[in-house]
Amino acid sequence: QVQLVESGGGLVQPGGSLRLSCAAAGSIYSIKDMGWYRKAPGKERELVAVITSGGSTNYGDSVKGRFTISRDNTKTTVNLQMNSLEPEDTAVYYCYVLGTPTLWSTKTYWGQGTQVTVSS
């Protein structure tokens, strides 16, 4: 079983910053990609940022230049530094992991979600 433990969400004023973290624990042979998606009220889930095991990154268009994704040396924790936050960033943010539970398979895992609210 795999669990993704998310932290760092909260309330912040426009222009402020937050840092999200997600730690993966459990039976995964290896982790390929880690990142964050988000779902805002009335909108579908969308990509925020993903980082591969090799360090390549992919950002959603709306967060480019403001958010930075990174992984620790163990490749089991992903961080998202969010700067210049806007009210439009308000959403539930979900940790995403693409792992290999066995040598021959891949599987997507999701965190429970952490609320980020940007408001005056």
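**Exercise 1. Work out what share of the contacts between residues at least 6 apart in sequence joins residues at least 24 apart.**

Start with the term: a contact means heavy atoms within 4.5 Å. Next, keep the contacts in the protein between residues at least 6 apart in sequence; of these, 54% join residues at least 24 apart.

A word on what you're looking at: this is a predicted model, where local features need pLDDT of at least 70, side-chain atom pairs count only at pLDDT 80 or more, and totals for chains, interfaces and linings use all residues. Residues are numbered from 1 along each chain as its sequence is written, and side-chain values use heavy atoms, with hydrogens and water left out.

**Exercise 2. Find how many helices and strands the protein has.**

First, the rule: helices (H or I, at least four residues) and strands (E, at least two) are DSSP runs, numbered from the N terminus. Applying it gives zero helices and 11 strands. Read from the N terminus on, then, the order is β-β-β-β-β-β-β-β-β-β-β.

**Exercise 3. Check the radius of gyration of the protein against that of a compact globule.**

For 120 residues the rule lands near 14 Å, and the protein has 14 Å, so the two agree. As for the box, the C-alpha atoms fill roughly 50 × 25 × 20 Å along the principal axes.

**Exercise 4. Locate the disulfide and describe it.**

Step one is the test: a pair of cysteine sulfur atoms within 2.5 Å counts as a disulfide. Step two is the pair itself, Cys22 and Cys95, with 2.0 Å from S to S. These partners come from distant parts of the chain, 73 residues apart: Cys22 sits in strand β3 (residues 18-26) and Cys95 in strand β9 (residues 91-100).

Step three is handedness. The torsion about the S-S bond of Cys22 and Cys95 is about -90 degrees, which means the disulfide is left-handed.

Step four is burial. Buried means under 20% relative accessible area, exposed means over 50%, and partly exposed is in between (1.4 Å probe, protein chains only). Cys22, at 1%, is buried, and Cys95, at 0%, is buried too. Across the protein, buried residues make up 40% of the 120 residues.

**Exercise 5. Is Thr77 buried or exposed, and what does Thr77 touch?**

Begin with the place: Thr77 belongs to strand β8 (residues 77-82). Its relative accessible area is 17%, so Thr77 is buried. Now skip neighbours within four places in sequence, and the contacts of Thr77 are Cys22, Ala23, Met34, Ser70, Arg71 and Asp72. Cys22 is also one end of the disulfide.

Strand β3 holds Ser21 as well. Residues that Ser21 touches, beyond four places away in sequence, include Trp36, Val78 and Asn79. Ser21 and Trp36 are 15 residues apart in sequence, with 9.6 Å between their C-alpha atoms.

Terms used
The radius of gyration is taken over C-alpha atoms; the globule rule is 2.2 Å times the number of residues to the power 0.38.
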